[in-house]
Amino acid sequence: MSRTRELAEGFREEIVALRRALHQVPEYDLDLPKSQQLILDALAGLPLEITLGKELSSVTAVLRGGGGPGPVVLLRGDMDALPVTERTDVPYASQHPGMMHACGHDLHVAGLVGAAKVLSALRAELPGDVVFMFQPGEETSGGAPIMIREGVLDAAGRRADAAYGLHVGSASQPLGMWSSKPGSFMAAADQLHVRVIGSGTHGSTPYRGKDPIPVLCEIVGALQTMITRQFDVFDPVVLTVGRIAGGTKENIIPDDAFFDATVRTFSAEARAKVQLASIQLVEGLAAAHGLQVEAEYQVGYPVTVNNAAEYEFARSTIVDLFGADRFRERANPRCGAEDMSYVLEEVPGVYLNLSACRSADPDAAPDNHSPLADFDDSVLPDGAALLAELAVRRLAR
């Protein structure tokens, strides 16, 4: 067993206790005072230079290696929870009504604290510095770009040379399985908001007004045709209308109707193309029916791209530490989005998945974001060990 695994195993009880304490006080978005304090308490006594965020409840901690100035590695863990009412029966369930760590970020924080403890124990041997990035707001407005703006990538006094992070899952793969892929790993996530403006009238005399509802419906269908006919099937686009609204009563034609859609892409080229094409389609169809339209395309998280060389480095490190049977290379990207993408736009690195699925049948287990999502924190030492080992090996290169 590697030294990092041995050390991480020695911290098992501490980091499991931290995870369960965090799980009981889930907090949302950018203001996470209780989570921040738990992190600070857990890091107390370690040889770290700690700074707190100004616009958000972030924690940035720098560990100076004993080998003098050298490379810089950044390790990231997100902190925020979701507005979900927990329905598990674990004894450490959420004590904040309507809030839950349903995406496993409590494990991310505890694993990163574990990595900080391991690397602090190895500090004298490190030929460089490590930045620990505890980040709020992944589920909402994107805490990563705020932390980047506040200087997290340069917290060691020079730009990070590589960045690594992991995300746990409560379903789909057996407990302890690692997975990732080179290149585009997670989607960009944008939003399309459309308001079709007509002219209301009585439902019995539609010719006396301008009915926005059939036009809106036509636009929704036409957007799907646009995807299949204008975009390469091997560079996919996923467009889902998740909200549609219009009208107040069955016999009243309304003045306007609305829909909101999420748009997922896996390359910068497809993303730029769908932004232009969707607005052109919406405006053109509305004009063809003599109606006006307000259409807004909101750009969200970019594509999460794993650097090919850093991916191979991370894959080989996992195989060395845990064995080849503990890693699976994903054939396809994931359609979820991640604001770790902003870090990986600036610094080469890799984002990994680690299964924390409790169920013997991962395909039937409640997935992340479910009120029944149940994460097995027995994987915490492995997560801490891998983050630490990546830093040790990358600094030594």
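Which residue with a positive phi follows H7? Gly290 does, with phi near 75 degrees. Before the views, some ground rules: this is a predicted model, so to speak, with local features needing pLDDT of at least 70 and side-chain atom pairs counting only at pLDDT 80 or more, while totals for chains, interfaces and linings use all residues. Residues are numbered from 1 along each chain as its sequence is written, and side-chain values use heavy atoms, with hydrogens and water left out.

**View 1. Helix H7 and its cover.** H7 takes in residues 268-288; helices (H or I, at least four residues) and strands (E, at least two) are DSSP runs, numbered from the N terminus.

**View 2. The open sheet.** Here 8 strands line up as S1-S2-S4-S3-S5-S16-S6-S15, with mixed pairing; two strands pair if DSSP finds at least two bridges between them. Strands S1 (48-52) and S15 (327-329) stand at the edges with a single partner strand each, so one side of each has no neighbour in the sheet. On average, neighbouring strands are turned by 20 degrees against each other, direction ignored. S5 (residues 162-169) and S16 (residues 349-355) run parallel and are joined by 7 bridges, and Tyr164 stands opposite Val350 in S16. Helix H10 (residues 380-396) packs on the sheet, touching S3, S4, S5, S6 and S16, and its direction makes about 165 degrees with that of S5. For such angles, axes are lines fitted to C-alpha atoms, for helices over the stretch in contact (heavy atoms within 4.5 Å), and values run from 0 to 180 degrees between N-to-C directions.

View 3. The whole structure holds 4 aromatic pairs, meaning rings of Phe, Tyr and Trp (its six-membered ring) with centres within 6.5 Å; planes under 30 degrees apart count as stacked, over 60 as edge-to-face and the rest as tilted. Tyr164 and Phe313 make a tilted pair, 6.0 Å centre to centre with 50 degrees between the planes. Tyr164 belongs to strand S5 and Phe313 to helix H8 (residues 308-322), so the pair ties together parts 149 residues apart in sequence. Tyr164 is buried at 0% relative accessible area, and Phe313 is buried at 11%. The charged end of Arg397 also sits over the ring of Phe313, 5.0 Å from its centre; that label needs NZ of Lys or CZ of Arg within 6 Å of the ring centre and within 35 degrees of the ring normal.

**View 4. Tyr301 and Tyr342.** This aromatic pair is edge-to-face, with 5.9 Å between centres and 80 degrees between planes. Tyr301 is buried at 10%, whereas Tyr342 is partly exposed at 21%.

**View 5. His108 in helix H4.** His108 lies in H4 (residues 105-121) and is buried at 3% relative accessibility. Beyond its neighbours within four places in sequence, the contacts of His108 include Gly77, Asp78 and His167.

Terms used:
Buried means under 20% relative accessible area, exposed over 50%, partly exposed in between (1.4 Å probe, protein chains only). The expected span of a helix is 1.5 Å times one less than its number of residues.
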